[in-house]
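Student: I would like to go through this model and ask what lies behind each label. Can we take the labels one at a time?

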Amino acid sequence: MASVDKSTDTSGENSPSDGPSTSEASEETAETSESSDGEYVPASVDGPAKNVPKPEVPEGMTEQTEEGVKAAVDYFWQAIWYLSVTGDPSNLNKVVTDSCTYCQEEVNYFTTIYREGSWYVTTPSTVTDSSASLSGSSSANAWVSLDAPATTMYYSDGSKAGSSSGTNGAGWEIQLKFADGHWVIAEATIIGGSGARSKDGASG
């Protein structure tokens with residue numbers, strides 16, 4: 001997704017390894033993301049999102065078919081968005097491996113952002129085209145064209161950290177494997193368009 005550079009300093013000192021574990025960060029986020037009436041409140045210049053609806057795990061991702069692969073990839077992008085507006089990686093962790101470099105970088109980045117009180121204002125990315133190819137019954141590749149939305153990040157004091165105008169048609173290659181009864185993302189790599197974080201809060 002189009003987003004602020006991972007190198008953007010949100011508080012000045014802590015790195016992901018210096019702070020609480022991912023589960024602890026998730027608990028902290030949950031405590032601060034609830035509004036009194038329980039209604040979903042999108043993120044804005046006034047503060048982070050509250051009571052964000054969790055993406056639903058599609059039944060199709062348990063199928064060892066090309067459609068099952070596509071279902072897992074769609075859920076993956078929904079879970080990335082949920083992470084970006086909550087700092088909670090629990091949904092993403094359901095569909096990625098610990099060895100997925102891109103996935104773990106996103107988890108470390110966003111849990112740090114939210115732990116330090118900063119937040120993102122954005123909407124979900126849109127998959128505009130996708131294809132999948134199976135390699136046997138337990139591994140697969142998917143190719144995705146992704147439209148990423150405009151994104152703005154705010155520091156804990158409410159000042160603007162940076163923004164991105166979004167990108168259209170970024171190409172991604174997704175490697176998957178079938179484990180524990182469903183497809184999981186083993187790696188995600190951008191192969192065309194723009195999706196890397198750049199300095200001062202814009203997507204490069």
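This is a predicted model: local features need pLDDT of at least 70, side-chain atom pairs count only at pLDDT 80 or more; totals for chains, interfaces and linings use all residues.

Student: What makes a positive phi worth a remark in general?

Tutor: Most residues other than glycine have a negative phi. Asn51 is not a glycine, yet its phi is positive, about 50°. Asn51 sits in the loop between helix 1 (22–32) and helix 2. Asp180 is not a glycine either, and its phi is about 55°. Asp180 belongs to the loop between strand 6 (167–179) and strand 7 (182–192).

Student: Why is Asp180 called exposed?

Tutor: The cut-off for exposed is over 50% relative accessible area. Asp180 has 78%, so Asp180 counts as exposed.

Student: What makes helix 2 mostly covered?

Tutor: The count of buried residues: 16 of the 21 in helix 2. Across the protein chain, buried residues make up 48% of 204.

Student: Why is the contact between Lys70 and Glu67 called a salt bridge?

Tutor: The limit is 4 Å between a side-chain nitrogen of Lys or Arg and a carboxyl oxygen of Asp or Glu. In Lys70 and Glu67 the closest N and O atoms are 3.9 Å apart. That is within 4 Å, so the pair qualifies. The count of salt bridges comes to one.

Student: Where do Lys70 and Glu67 lie?

Tutor: Both are in helix 2 (residues 66–86), three residues apart, about one turn of the helix. In an α-helix there are 3.6 residues a turn, so residues three or four places apart point the same way.

Student: How many aromatic pairs does the structure hold?

Tutor: Nine. Take Trp119 and Tyr154. Their ring centres are 5.5 Å apart and their planes lie at 25°. The centres are within 6.5 Å and the planes under 30 degrees apart, so the pair is stacked.

Student: What does the pair of Trp119 and Tyr154 tie together?

Tutor: Trp119 is in strand 1 (residues 119–121) and Tyr154 in strand 4 (residues 151–154), so the pair ties together parts 35 residues apart in sequence. Trp119 and Tyr154 are both buried.

Student: Why is the pair of Phe178 and Trp183 called edge-to-face?

Tutor: The planes of Phe178 and Trp183 stand at 80°, with ring centres 5.2 Å apart. An angle over 60 degrees counts as edge-to-face, so that label applies. Trp183 is buried, at 0% relative accessible area. Elsewhere, ring pairs link Phe76, Trp77, Tyr102 and Trp172 into a cluster.

Student: Why is Asn91 called buried?

Tutor: Buried means under 20%. Asn91 is at 2%, so it counts as buried. Asn91 lies in helix 3 (residues 90–93). Leaving aside neighbours within four places in sequence, Asn91 is in contact with Lys54, Pro55, Tyr75, Ala79 and Tyr82.

Student: What makes Thr126 partly exposed?

Tutor: Its 43% relative accessibility, which falls between 20% and 50%. Thr126 is in strand 2 (residues 126–135). Not counting residues up to four places away in sequence, Thr126 touches Ser145, Leu146 and Asp147.

Student: Which pattern does the protein chain follow along the sequence?

Tutor: The pattern is α-α-α-α-β-β-β-β-β-β-β, with four helices and seven strands.

Definitions and conventions
Residues are numbered from 1 along each chain as its sequence is written. Side-chain values use heavy atoms; hydrogens and water are left out. Helices (H or I, at least four residues) and strands (E, at least two) are DSSP runs, numbered from the N terminus. Rings of Phe, Tyr and Trp (its six-membered ring) pair if their centres lie within 6.5 Å; planes under 30 degrees apart count as stacked, over 60 as edge-to-face and the rest as tilted. Buried means under 20% relative accessible area, exposed over 50%, partly exposed in between (1.4 Å probe, protein chains only). Contact means heavy atoms within 4.5 Å.
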